[in-house]
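Subject: Structure for your files

Hello,

Here is the structure I said I would send. My notes on it follow below.

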Amino acid sequence: MSTGVVGQEEPKHVFSNVAKVGEWKTRKINLWSVMRSFVSQLKLGQDMTKISLPAELCHPYTMLEVMSYRETTLFKLLFGINEVTDPTERFLRVLKWHLSMVRQENFEKKPFNPVLGETHISFVDDDGKNGSVEFISEQVSHHPPVSAFSVKNDKHNLDVWANISFSVKFGGNSATIATSGGASLKIGNLGDELYEMSRCIPNMMVRNVVWGTKYIIWEGDLTMTCKKTGLEAHLVFSEAKKQENRVEGTIKNASTGEILFNLAGVCGSEIFIEPPSGGDKRLLLDVSKEEYDCPKYLPESALTPMSSVAIWGPVNEAILKGDIAAADVAKQKIEAAQRAKRADRAAKGEEYEGQFFTKGENEVWRLKADVSISKMVANAAPGAEVGEAGAPNTPPTD
């Protein structure tokens, strides 16, 4: 069975539903169920900001889980970058990795919005020569919504961090999921060579929200710079013709303005670079041909009460079973509890303090120095087994 990624089979013994397949993933939206969910929440004098989005419109995983899968499955494209002596080729390697996260998408519904303090942790096992890839994330702000995450690989001394925020704007028969917040990659073995991305991913435009065949297009601009090497890339994502998602841009020397390469291709497929004078056109990336790694998750004994799997477990289970009424009840209970926590914190004049992240310079949340997935696994109950992406393992419940 397919994971929805070309060439990939569904992993076995899995734990998160992101990569899992099943009837629930293509289940048509029942408008009666949506209306019933909304009506059941209406009361005289109801505060409409407290209305919960019906579970009928949600997939059984949160945005933190989506980020985890996107960030870890092709992180290996960066392996070996320490041995690349040409700074332009290193820049292209980083650009290839960053573009690998812009894949063909087919969300029929939306992931849950993470609640304040929610955490999600995953890792890709050591293959025997490259070390493990560790992903840790946390919802560090509710208004505005901000998710902080860290991806590390100690073997190659690679460190990625980002603070990302999403907002939704509707217009006619379309909706735009706008992203903000940059990302950074530091290569420690190269004198802390730093690559900075203006955004983690471009905006996502959902076409035909109300009528017609729904499809998704990446749009907007994205910039990647490396001050040490003086290189920068400017990319623009757009719909060239119906359902063809193009990316075009340039890679240039920032100090001289000299264009080294023009870039053009299709998101989720072939992307090429070519010198402005022509000739020597080469394939930078064809993400549809890449072999994706399978992220794993902490054993249940190591999960905190605020982990995505623990928080949303009852909702996920009900959605998978098709019991949308039960999913609505469980989802509303979670969101009501979070509103109560926020109200209590506000009444006490307290600000949120991160569990795994701390706010530092320029208001950027960074992973605390003493946080490590290997420590979490080591502290788990003896004999506990980790899960893999898409697992049907029974999640913790209330």
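In which helix does serine 68 lie? Serine 68 is part of helix 2. Please keep in mind that this is a predicted model.

Helix 2
Serine 68 has a relative accessible area of 0%, so it counts as buried. Setting aside neighbours within four places in sequence, serine 68 is in contact with His120, Ser122, Phe135 and Tyr297. Proline 295 is 227 residues away from serine 68 in sequence, yet their C-alpha atoms are 8.2 Å apart.

Helix 2 covers residues 63-72 and also holds glutamate 71. Glutamate 71 is buried but has no salt bridge. The nearest side chain of opposite charge belongs to arginine 70, at 6.5 Å, and a salt bridge would need a side-chain nitrogen within 4 Å of a carboxyl oxygen. Not counting residues up to four places away in sequence, glutamate 71 touches Trp97, Met101, Phe135, Phe149 and Val151.

Nonpolar cores
The largest nonpolar core has 55 residues, and Trp97, Leu185 and Leu263 touch the most other members. Helix 3 (residues 87-99) gives the most to this core, with six residues. Beyond its neighbours within four places in sequence, leucine 185 has contacts that include Leu78, Val94, Trp97, Leu158 and Tyr195. Another core lies apart from the largest one and has 21 residues, among them Phe15, Phe123, Tyr352 and Val371.

Aromatic pairs
The whole structure contains six aromatic pairs. One of them joins phenylalanine 75 and phenylalanine 79 edge-to-face, at 6.4 Å centre to centre and 75 degrees between the planes. Phenylalanine 75 is buried at 0% relative accessibility, and phenylalanine 79 is buried at 16%. Tyrosine 352 and tryptophan 365 form a tilted pair, with centres 6.4 Å apart and 40 degrees between the planes. Tyrosine 352 sits in the loop between helix 5 and strand 18, and tryptophan 365 in strand 19, so this pair ties together parts that are 13 residues apart in sequence. Tyrosine 352 is buried at 19% relative accessible area, as is tryptophan 365 at 8%. Ring pairs also link Phe75, Phe79 and Trp97 into a cluster.

Helix 5
Helix 5 (residues 324-347) has 24 residues and reaches 34 Å from its first C-alpha to its last, close to the 34 Å expected. Its buried residues include Ile324, Asp328, Lys331 and Glu335. Just after helix 5, glycine 349 takes a positive phi of about 70 degrees.

Regards

Note on methods:
Residues are numbered from 1 along each chain as its sequence is written. This is a predicted model: local features need pLDDT of at least 70, side-chain atom pairs count only at pLDDT 80 or more; totals for chains, interfaces and linings use all residues. Side-chain values use heavy atoms; hydrogens and water are left out. Helices (H or I, at least four residues) and strands (E, at least two) are DSSP runs, numbered from the N terminus. Buried means under 20% relative accessible area, exposed over 50%, partly exposed in between (1.4 Å probe, protein chains only). Lys and Arg count as positive and Asp and Glu as negative; His and the chain ends are not counted. Contact means heavy atoms within 4.5 Å. A nonpolar core is a set of buried Ala, Val, Leu, Ile, Met, Phe, Trp, Tyr and Cys residues joined through side-chain atoms within 4.5 Å. The expected span of a helix is 1.5 Å times one less than its number of residues. Rings of Phe, Tyr and Trp (its six-membered ring) pair if their centres lie within 6.5 Å; planes under 30 degrees apart count as stacked, over 60 as edge-to-face and the rest as tilted.
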